[in-house]
Each structure stands twice: as structure tokens, then as C-alpha cells.
Amino acid sequence: DTLEVLKKDPGSVRDDIRGITLERAKTIQELIVENESIENIMIQLEAMIGGLGLRKSLPVEIANKWGTDAVPMIEENPYVLCRLENVGFLTADKIAMERLHIAKDSPHRKLAGIKHVLRENETSGSVWIDVGSLDRTVQALLACEATDAIDKAIEDGEIVLLDNLVANPKASED
């Protein structure tokens, strides 16, 4: 009961427990609330990610990076997970499709698929890829049409177009 009282009314704890100042009681209150919040986030992340065969440390990494914003952020766009080290498109897509039931043709999914294909292309030694090849590869990966997403990614500056070739903006600078 002491923790509940501390959480709801730190002033009464100051009055009832000798040696605890109101300032100290409020500090303890803040810590209790913060810990509960982190615990709730971890429970939600575990429900979202657990059981998919992914590394056990992933929920902790997510919580450390985005804190209380993590769950709504991932629910809105699970492909933000690709910003974490050692989380690629396939992992984010598994979470998106199996747990969050994201539409196969979601704009977030299409953009993440495009960026994934471009990164894979860079890994094999090529910065630039023919727009038609990119389109076919992304469509095969996502099992949905992607031309509109490629056009939008070019328009938004997410990828660079030069003489019918596309690349990630940073990679094209080299």
C-alpha cells in the first residue's frame, strides 16, 4: 500500500514517515510512475514482438531508443524499426504483417521495401539501379504493385533519379 500512497499522495507519506521530506516523496513518486510506464511499454512491446523468433533484447532496444513513444510510433509505421541497428526490412515486415496486420500495399511498407532493395543493391556493389529493375524487384518482394511508391519516393526526395537510374540519396553522393 505504501507504493500506492506514494504514487497518489506523496504529502501524506511525508506526514506519516519520519525523515521523508515532501521533495523526497515527490522524487519517489516520479520514479514509481516512470517505472510503471516503462513496465507497461515493455509489456506492450513483448506482446507486439514476442514469439516471432526475434532476439529477446529487441523490446529493450526499442524502449531505450523511443521510450514512451515506441508503441504508438511502431503501430503507426512499424518500418521505423529499420532505424535500429541489426533490424532490417524483413524483421520489421514480419512484425508489421504478423502482429500489426499492416496492409500489403501500405505506403510505409512500399517505401521500406524500396529502401531495402536499394540497400541490398549497394551491398552487392552497385549504388544505382534501373528504375524498371527496382520496380520488378520491389514488386516481387512485397507481392504488390510499387510503381506509385517509387514515383512518390522520387518526388519526396527519399530516392534520387538520374537518367532512369535510382539510388539512395546518401549513396548517390559518393
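**View 1. His-116 and its contacts in the predicted model.** In this predicted model, His-116 touches Phe-89 and Leu-141, leaving aside residues up to four places away in sequence. His-116 lies in helix H7. Its relative accessibility is 13%. The cut-off for buried is under 20%, so His-116 counts as buried. Phe-89, one of its two partners, belongs to helix H6 and is buried as well.

**View 2. The buried side of helix H6.** Helix H6 spans residues 89-98. Phe-89, Ala-92, Asp-93, Ile-95 and Ala-96 are its buried residues. They cover an arc of only 160° around the axis, so they sit on the same side of H6. An α-helix has 3.6 residues a turn, so residues three or four places apart point the same way. What do the buried residues of H6 pack against? They pack against helix H3 (22-49), helix H7 (107-123) and helix H8 (131-142).

**View 3. Pro-107 in helix H7.** Pro-107 is found in helix H7. Is Pro-107 buried or exposed? Its relative accessibility is 64%. The cut-off for exposed is over 50%, so Pro-107 counts as exposed. Pro-107 and Lys-152 are 45 residues apart in sequence. In space, their C-alpha atoms are 9.5 Å apart.

**View 4. Helix H7 packed on helix H9.** H9 covers residues 147-155. The axes of H7 and H9 are 9 Å apart, and the packing angle is about 75°. Angles of 65 to 115 degrees count as roughly perpendicular, so H7 is roughly perpendicular to H9. From H7, the contact is made by Lys-110, Leu-111 and Ile-114. From H9 come Asp-148, Ala-149, Ile-150 and Ala-153. By class, these residues divide into five nonpolar, no polar and two charged.

**View 5. Helix H3 crossing helix H4.** H4 runs over residues 58-66. The axes of H3 and H4 come within 9 Å and cross at roughly 130°. That angle makes H3 oblique to H4. The crossing is right-handed. Which residues make the contact? H3 gives Ile-41, Met-42, Leu-45, Glu-46 and Ile-49. H4 gives Leu-58, Pro-59, Val-60, Ile-62 and Ala-63. Nine of the contact residues are nonpolar, none is polar and one is charged. Because Glu counts as charged, Glu-46 of H3 is the charged residue in this contact.

Methods:
Residues numbered from 1 in each chain as written. Predicted model: local features only at pLDDT ≥ 70, side-chain atom pairs only at ≥ 80, totals over all residues. Heavy atoms only, no water. Buried < 20%, exposed > 50% of the residue type's maximum accessible area, 1.4 Å probe, protein only. Helix = DSSP H or I, 4+ residues; strand = E, 2+ residues; numbered from the N terminus. Arc of directions from axis to C-beta. Contact = heavy atoms within 4.5 Å. Axes fitted to C-alpha atoms, helices over the stretch in contact; angles between N-to-C directions. Parallel < 35°, antiparallel > 145°, perpendicular 65-115°, else oblique. Left-handed = near helix turned anticlockwise from the far one by under 90°.
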